[in-house]
Amino acid sequence: MQFWSAKIILKQNVHILLPRHIAAQLCSNATQSVNGQLQWDTNSFADAAKKKGYSCNVAEIKEPVSCSSNPTACRDDEICALATKADSGVVQWQNNPKFRAHIGAAKNPWA
């Protein structure tokens, strides 16, 4: 009787359920260690693990929120700098749609 590793079986069909330790084996094949932290690999094992809802001890990496993309991350002076522009010495509201939320925050800081 020949036993197949989870890796070989999963390459053939990622939906096969294997007995005992499948989560550990799947996670082992789905992740890689980068600078001491587990990250998802870019392969069918990672896709299968995510589909099954396994976290595989991968830390969720959240991108920092920047002031230019979200006015709630801004100080008051930063909101004003992004919401306005100076044209020939006259300060007016920015016409770039990227900063529409900043203009709203500057006009109504208590909203």
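Buried means under 20% relative accessible area, exposed means over 50%, and partly exposed is what falls in between (1.4 Å probe, protein chains only). Cysteine 74, for one, counts as buried, at 13% relative accessibility. What you have here is a predicted model, so local features need pLDDT of at least 70 and side-chain atom pairs count only at pLDDT 80 or more, while totals for chains, interfaces and linings use all residues. Residues are numbered from 1 along each chain as its sequence is written, and side-chain values use heavy atoms, with hydrogens and water left out.

- As background, nonpolar side chains tend to be buried together in soluble globular proteins.

**The disulfides**

- The structure holds 2 disulfides, each being a pair of cysteine sulfur atoms within 2.5 Å.
- One of them joins cysteine 27 to cysteine 56, S to S 2.0 Å.
- That pair links distant parts of the chain, with cysteine 27 in helix H2 and cysteine 56 in the loop between H3 and H4, 29 residues apart.
- The torsion about this S-S bond, between cysteine 27 and cysteine 56, is about -70°, so the disulfide is left-handed.
- Cysteine 67 and cysteine 74 form a disulfide too, with their sulfur atoms 2.0 Å apart.
- For cysteine 67 and cysteine 74 the S-S torsion is about 105°, so the disulfide is right-handed.
- Cysteine 67 counts as buried, at 14% relative accessibility.
- If you count bonded cysteines along the chain, the pattern is 1-2, 3-4.
- Cysteine 80 counts as partly exposed, at 42% relative accessibility.

**Two positive phi angles**

- Cysteine 56 has a positive phi of about 55° although it is not a glycine.
- Cysteine 56 sits in the loop between H3 and helix H4 (76-83), and this residue is buried, with a relative accessible area of 8%.
- Serine 88 is not a glycine either, and its phi is positive, near 55°.
- You'll find serine 88 in the loop between strand S3 (84-87) and strand S4 (90-93).
- Is serine 88 buried or exposed? Serine 88 is exposed, with a relative accessible area of 73%.

**The salt bridges**

- The structure holds 2 salt bridges, where a salt bridge is a side-chain nitrogen of Lys or Arg within 4 Å of a carboxyl oxygen of Asp or Glu.
- Aspartate 77 meets arginine 75 in a salt bridge (3.1 Å, N to O), and aspartate 77 is partly exposed, with a relative accessible area of 47%.
- Glutamate 78 and arginine 75 also meet in a salt bridge (3.4 Å, N to O), and glutamate 78 is partly exposed, with a relative accessible area of 24%.
- Put together, Arg75, Asp77 and Glu78 are linked in a network of salt bridges.

How values were computed. Helix = DSSP H or I, 4+ residues; strand = E, 2+ residues; numbered from the N terminus.
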